[in-house]
Amino acid sequence: MCHKWERSTGRGLKEWLREQFCDHPLELCEDTRLHDAAYVGDLQTIRSLLQEESFLRRINEKSVWCCGWLPCTPLRIAATAGHGDCVEFLIQKGAEIDLVDVKGQTALYVAVVHGHLECTQILLEAGADPNGSRHHRSTPIYHAARVGRADILRELIRYGADVDVNHHLTSSRQLTSLVVCPLYISAAYHNLSCFELLLQAGANPDFNCCGPVNNQAFSRSSAACVMDAVLRHGCDVAFVSLLIDFGANLNLVKWETLGEEATARIKVNPEAMRVFKEARRCPRSLMSLCRVAVRGALGKHRLDLIRTLPVPDPITKFLLHEQ
């Protein structure tokens, strides 16, 4: 099926995007100086332009600027390019933080995608939604976990990002894969520091059995739980040890249901498998069970309250997995 812009001879994608998504008619979108200044990080020009009432009124205008085709706001452009000073100034002058572009991406999301820690911190401190937009199928925390940016992930967690799954995807239907889970994706890409941060922040080590996942719809070759995924992806023994420490249900791994041909194709870390089998064979210690119970009773959104409990400091650190 042809797009509308393809049907008109001589018309380009840039013109079609302008008609469909820009906030003003074509004849009013020609002055892109504010957007261009945001792209190159020219704070002096941005300051000068925003002294004029006409530009101040257009601070949230989505326009196709000369350096790109995607219609978006000056804030979104500055965040993409990593110009923290411009991002901060635009917010001070009234730029709306969580406006989305035509893909449903917020300024925070693109700052995370492009690895700009400073812009991420500025946007979060200004009140940006750490979970991104419901109009986009990914989240900032998912991307940070996938690419191994533990520094950015730590900031997102500090400002309350959901560490389990993209909540926008689970509102209307059950999931048939663990791929959307940040914990899963950090293991799949062997990002141990991110994996540990997510668990410390309360990510569910048994997401599949307590989350909105339809196990019956999984393919036979799919991982049934996070521990299963860790083993299948040949992750280091440290991943297995962390899941055990954080109370993963080891009985969810059903390797006996796979045929010999299937298991032969799975590249398991031998040491990781040894630790897993030993842990499944031996009962957990009472201390470990108590820690899992306390953290579970508090829930992931109240784990910071552990520091207020009237217990000795070593126990506090133990409950927080800080030792």
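## Contacts of Leu-123

Leu-123 is in contact (heavy atoms within 4.5 Å) with Leu-75, Ala-79, Val-87, Ile-91, Ile-97, Ala-107, Leu-108, Ala-111 and Ala-128, leaving aside neighbours within four places in sequence. This is a predicted model, in which local features need pLDDT of at least 70 and side-chain atom pairs count only at pLDDT 80 or more, while totals for chains, interfaces and linings use all residues. Residues are numbered from 1 along each chain as its sequence is written, and side-chain values use heavy atoms, with hydrogens and water left out.

## Nonpolar cores

A nonpolar core is a set of buried Ala, Val, Leu, Ile, Met, Phe, Trp, Tyr and Cys residues joined through side-chain atoms within 4.5 Å. Buried means under 20% relative accessible area (1.4 Å probe, protein chains only). The largest such core has 79 residues, and Leu-123, Phe-195 and Met-227 have the most contacts inside it. Helix α8 (residues 107-113) gives this core its largest share, 6 residues. Another core, of 5 residues, lies apart from it and includes Leu-298, Leu-303, Ile-306 and Leu-319.

## Whole protein

The protein has 20 helices and 0 strands. Helices (H or I, at least four residues) and strands (E, at least two) are DSSP runs, numbered from the N terminus. Of the 323 residues in the protein, 46% are buried. Among contacts with a separation of 6 or more, 69% join residues 24 or more positions apart.

Note on methods:
Buried < 20%, exposed > 50% of the residue type's maximum accessible area, 1.4 Å probe, protein only.
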